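Good morning, and thank you for making time for this item. I would ask you to keep the sequence and the model in view while I speak.

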Amino acid sequence: MPFFDIHAHILPDIEGDDGSRSMDMTLQMLRMAVAAGTTDIVATPHVNRHETVPKWEDIKKRVQQVQEEADKEQIPIHIYAGAEVEMNYKALEFLPKGGRQYCINETPYILSELTEQSQADQTEQLLFELMLRGYIPILAHPERYTRIMHHPDRVLQWMQRGVLTQCNMGSFVGAFGEHVQQRAENLLRHHMVAFIGSDTHRTDWRTPDQRAGQQQMEQLGSTLSSYTDRASRMIQGKPVYMPDLPSAWKEKKKGFFARLFH
């Protein structure tokens, strides 16, 4: 099934990013992605990690170069410019009201990364300040933030007010550990996954081939079509809705033995 990957570190030689190390590696990553069914991919280098902020024009230029090289190599994939912006108060200094730099395809949608130190109250202030400035935050891999996921009801409240989420496909097959896998499954169970991404970094580390994750999601009763449809709307700057959000977060009940030995 076609896969629209909205989170990928495929650009070589971007300051502050830990993804592809060369154009050759990038092209091999794109070949791997296409072989696994990816038709569209958003290049999302780290921005504001350790206060390193590469120029948006440099990111766009590198995306254009990669697309040209992919076309020369006859790799059938569409590449869009974006970023994974670490959310702290410094980020507000370079994300002005109505701005579109570092947004996905220069739409209002912006992929927003937290850290293990991020607190729910501060995160809420930052996300809603972004929204007041005209951005639509997409919270990158919330399942990986232990402190934030101690309060999943807060994440639900943010989504009810317009924040979106992106889970990593690898989270569903335990690539980031058992606890992260459980959180991802709980988000999926609550219909709180708006988008899916590979979060690919290299040809041998977090690769673009996410077929195992796709199969696991299908076993959990979820198919890629809804995520592809949302991504297709998002990339055009169209509204993305989450009509099936629950009214409240409900923990999955544990069996007798699980409670006994918890």
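This is a predicted model: local features need pLDDT of at least 70, side-chain atom pairs count only at pLDDT 80 or more; totals for chains, interfaces and linings use all residues.

Let me begin with the nonpolar core. The largest one comprises 79 residues, and L30, V85 and L95 are the members with the most contacts inside it. As general background, nonpolar side chains in soluble globular proteins tend to be buried together.

Which residues does V85 touch, leaving aside its neighbours within four places in sequence? The partners are V47, A91, F94, L95, Y102, I110, L111, S112 and E113. Please keep F94 and Y102 from that list in mind.

That brings me to the aromatic rings. Across the whole structure, a search gives three aromatic pairs. In one of them, W56 and Y102 have ring centres 5.6 Å apart with the planes at 55°, and the pair is therefore tilted. W56 belongs to helix α2, residues 56-72, whereas Y102 is in the loop between β5 (84-86) and β6 (109-113), so this pair ties together parts that are 46 residues apart in sequence. Both partners are shielded: W56 is buried at a relative accessible area of 3%, and Y102 is buried at 5%.

Y102 also pairs with F94; here the ring centres are 5.5 Å apart and the planes stand at 70°, so the arrangement is edge-to-face. F94 is buried as well, like Y102. Taken together, ring pairs join W56, F94 and Y102 into a cluster.

The charged end of R161 sits over the ring of F128, 3.9 Å from the ring centre. Likewise, the charged end of R100 sits over the ring of Y135, at 5.9 Å from its centre.

F128 takes us to helix α3, where this residue is one of the buried positions. Helix α3 covers residues 120-132, 13 residues in total. From first C-alpha to last, α3 reaches 18 Å, close to the 18 Å expected at 1.5 Å a residue. What covers them? The cover includes β6, β7 (136-140), α4 (146-149) and α5 (152-160). After the helix comes G134, with a positive phi near 100°.

I turn now to strand β1, residues 3-8, which contains I6. I6 has a relative accessibility of 0% and therefore counts as buried. Its C-alpha atom is separated by 5.2 Å from that of G197, although I6 and G197 are 191 residues apart along the chain. Beyond its neighbours within four places in sequence, I6 contacts V42, T44, I104, L111, I138, Q166, F195, I196, G197, A231 and M234.

Leaving aside neighbours within four places in sequence, Q210 is in contact with A36, M169, G170 and S198.

Finally, the cysteines. C103 counts as buried, at 0% relative accessibility, and C167 is likewise buried, with a relative accessible area of 0%. A search of the whole structure finds zero disulfides.

Notes: Residues are numbered from 1 along each chain as its sequence is written. Side-chain values use heavy atoms; hydrogens and water are left out. A disulfide is a pair of cysteine sulfur atoms within 2.5 Å. Buried means under 20% relative accessible area, exposed over 50%, partly exposed in between (1.4 Å probe, protein chains only). A nonpolar core is a set of buried Ala, Val, Leu, Ile, Met, Phe, Trp, Tyr and Cys residues joined through side-chain atoms within 4.5 Å. Contact means heavy atoms within 4.5 Å. Rings of Phe, Tyr and Trp (its six-membered ring) pair if their centres lie within 6.5 Å; planes under 30 degrees apart count as stacked, over 60 as edge-to-face and the rest as tilted. Helices (H or I, at least four residues) and strands (E, at least two) are DSSP runs, numbered from the N terminus. A charge sits over a ring if NZ of Lys or CZ of Arg is within 6 Å of the ring centre and within 35 degrees of the ring normal. The expected span of a helix is 1.5 Å times one less than its number of residues.
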